Amino acid sequence: MSSTQPVFIAGQWREAHNPVGHFQAVDPSTGQALEGSYPISGKEDVYETIMAAHQAAEVLSSTSPEQIAAFLEQFAELIEVNRVALVEIAHRETGLPKEPRLNSNELPRTSNQLRLGAQAAHEGSWTNPVIDTKRNIRSYHAPLGAPVVVFGPNNFPFAFNAVAGGDFTAALVARNPVIAKANPGHPGTTRLLAELTSQALQSVGLPAGTFQLLYHFPNELALELVSHPLIGATGFTGSRPAGLALKAAADRAGKPIYLELSSVNPIFILPGALEERLEALANEFATSCLMGTGQFCTNPGLVVLPGGPQSETFVQRVAALFQEKAPGVLLNERTSSGLQESLKALTAHGAELLTGGTPVEGQGFRFNNTLLRVSGEQFLRESEALQTEVFGPASLFVVVENEQQMVEIARHLEGNLTGAIYSHTGSVDETLYQSLEPVLRQRVGRLLNDKMPTGVEVSPAMQHGGPFPSTGHAGFTSVGIPASISRFTVLQSYDNVRPSRLPHELQDENPTHAWRVIDGAWTRDAIAAPQHA
């Protein structure tokens with residue numbers, strides 16, 4: 001019988017109180033359950049985490065940025081010291097390859113993200129201080145003063161983990177406690193990360209309720225959690241139905257919730273690009289779409305092509321590449337069944353299956369690389385249904401009759417995380433680009449030229465968000481520091497407040513040495529004392 005793993009509440013590892021059930025992680029390459037049983041927490045555990053985090057919130061709000069930075073830096077170091085164990089368990093729970101995906105790509109990205117958070121905490125400009133000296137009004141972005149709930153997705157066991165990912169980092173830089181809800185797909189990975197987190201917390205002396213971990217709880221408790229009066233905000237990455245249910249509950253309670261839901265990430269390939277580099281484009285697209293078995297939120301799931309012989313050649317070449325590439329391991333059985341449901345919806349509304357479309361027989365969870373096709377006219381008739389996200393190694397080609405139809409398809413797109421336009425390296429496609437780009441620009445968070453969308457750099461300029469329904473609000477990003485931190489802050493203004501009572505960030509001397517806007521100008525300088533005659 002598998003041993004039951006403890007939860008982490010109020011600074012202690014302990015058994016779950018009155019769990020409503022248990023679950024085990026599954027090795028997706030074999031379909032076999034892994035050792036270790038994880039509790040499905042009931043109301044007692046959930047409410048205890050809320051109270052412990054609430055008690056920590058006030059202390060954290062006044063914690064020094066240096067202490068937060070020290071925690072993030074130490075946590076990053078512990079992740080790297082324990083990389084072998086982390087990569088091994090993440091590989092077993094997700095089926096993602098150790099190299100280069102987990103060890104050389106995702107783990108370093110995660111530790112780098114934490115270190116960037118530490119730099120932001122040290123530097124302090126994320127607080128965006130604004131000072132009007134004439135009116136003596138000052139404002140900045142302060143901690144929420146309340147817990148942040150983080151729901152982690154299944155496809156990034158490190159970089160988006162509820163314990164070590166971007167939402168976690170941003171919430172802590174803003175000096176808010178985190179209640180982490182593990183993804184059931186990789187609970188062992190999350191537990192190991194939580195053990196490292198607790199070591200770092202204890203080392204730097206942060207409050208016991210700064211971070212807490214529950215593996216799973218019933219849906220109704222999730223709704224209660226995100227809408228609880230003591231919760232400050234929620235970060236969620238996952239399915240659209242689950243995210244929208246959480247959003248409805250949070251909205252009713254007036255609680256901020258930041259969602260990453262779904263996206264087909266349209267790619268428009270203009271005629272000149274096909275004329276110039278058809279073979280290279282086919283290889284680039286196939287590599288991007290099948291990377292990580294297609295299990296990226298930025299997977300290129302919709303490709304719009306001009307009609308004609310070159311597009312036919314392109315489609316045939318991509319189909320051949322899809323057939324040549326061995327099917328990869330899916331994250332879990334639900335991903336496989338979700339693929340089948342989505343493909344059924346697409347074909348029911350006119351999409352033609354070109355290759356794939358079925359699970360791979362045998363042990364584990366695999367799915368044949370899948371390509372579909374539909375005419376531009378049919379897409380416009382059924383645009384809502386034909387934008388169904390297919391999470392996995394699949395994409396839909398839309399072949400249009402003319403340039404006007406290509407632009408019209410862009411007008412019918414839902415909000416997406418990304419949108420890409422491939423065009424001739426000269427000016428051959430410029431007129432069409434100038435017609436298409438303004439339409440597509442309003443429907444995507446990140447616009448790319450001549451580049452596939454699957455890479456999401458941890459950059460201050462990154463927008464990993466987009467118009468609804470790709471996310472809950474187009475004004476925010478879950479990747480990119482300092483922008484991602486602002487989600488977990490509150491804007492506070494001080495009007496004629498005495499200098500000694502001001503937060504450090506707003507004092508004349510600028511003790512944090514942050515960038516500030518003073519009377520309309522960016523500066524790191526202190527405010528000069530008035531000169532007397």
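Trainee: Which backbone oxygen does the side chain of Thr-94 reach?

Mentor: Please keep in mind that this is a predicted model. A polar contact is a pair of N or O atoms within 3.5 Å, one able to donate a hydrogen and the other to accept it. Here, the side chain of Thr-94 reaches the backbone oxygen of Ala-90 at 2.7 Å. A backbone nitrogen is also reached by the Thr-94 side chain, that of Leu-96, at 3.1 Å.

Trainee: In which helix does Thr-94 lie?

Mentor: Thr-94 belongs to helix α3, which covers residues 83–94.

Trainee: Is Thr-94 buried or exposed?

Mentor: A residue counts as buried under 20% relative accessible area. Thr-94 has a relative accessible area of 1%, so it is buried.

Trainee: Which residues does Thr-94 touch, if those up to four places away in sequence are not counted?

Mentor: Its contacts on that basis are Pro-28, Asn-154, Pro-157, His-186, Leu-330 and Leu-331.

Trainee: Let us turn to the cysteines. How many disulfides does the structure hold?

Mentor: A disulfide requires two cysteine sulfur atoms within 2.5 Å. The structure holds zero disulfides. Cys-289, for example, is in none, and the nearest cysteine sulfur to its own, that of Cys-297, is 14 Å away.

Trainee: How should I read the fold as a whole, and how many helices and strands does the protein have?

Mentor: One begins with the inventory of secondary structure, which here is 14 helices and 23 strands. The radius of gyration is 25 Å, close to the 24 Å that the globule rule gives for 533 residues, so the protein is as compact as a globular protein of that length. Its C-alpha trace spans about 80 × 75 × 40 Å along the principal axes.

Trainee: What share of the contacts joins residues at least 24 apart in sequence?

Mentor: Among contacts between residues at least 6 apart in sequence, that share is 75%.

Methods:
Residues are numbered from 1 along each chain as its sequence is written. This is a predicted model: local features need pLDDT of at least 70, side-chain atom pairs count only at pLDDT 80 or more; totals for chains, interfaces and linings use all residues. Side-chain values use heavy atoms; hydrogens and water are left out. Helices (H or I, at least four residues) and strands (E, at least two) are DSSP runs, numbered from the N terminus. Buried means under 20% relative accessible area, exposed over 50%, partly exposed in between (1.4 Å probe, protein chains only). Contact means heavy atoms within 4.5 Å. The radius of gyration is taken over C-alpha atoms; the globule rule is 2.2 Å times the number of residues to the power 0.38.
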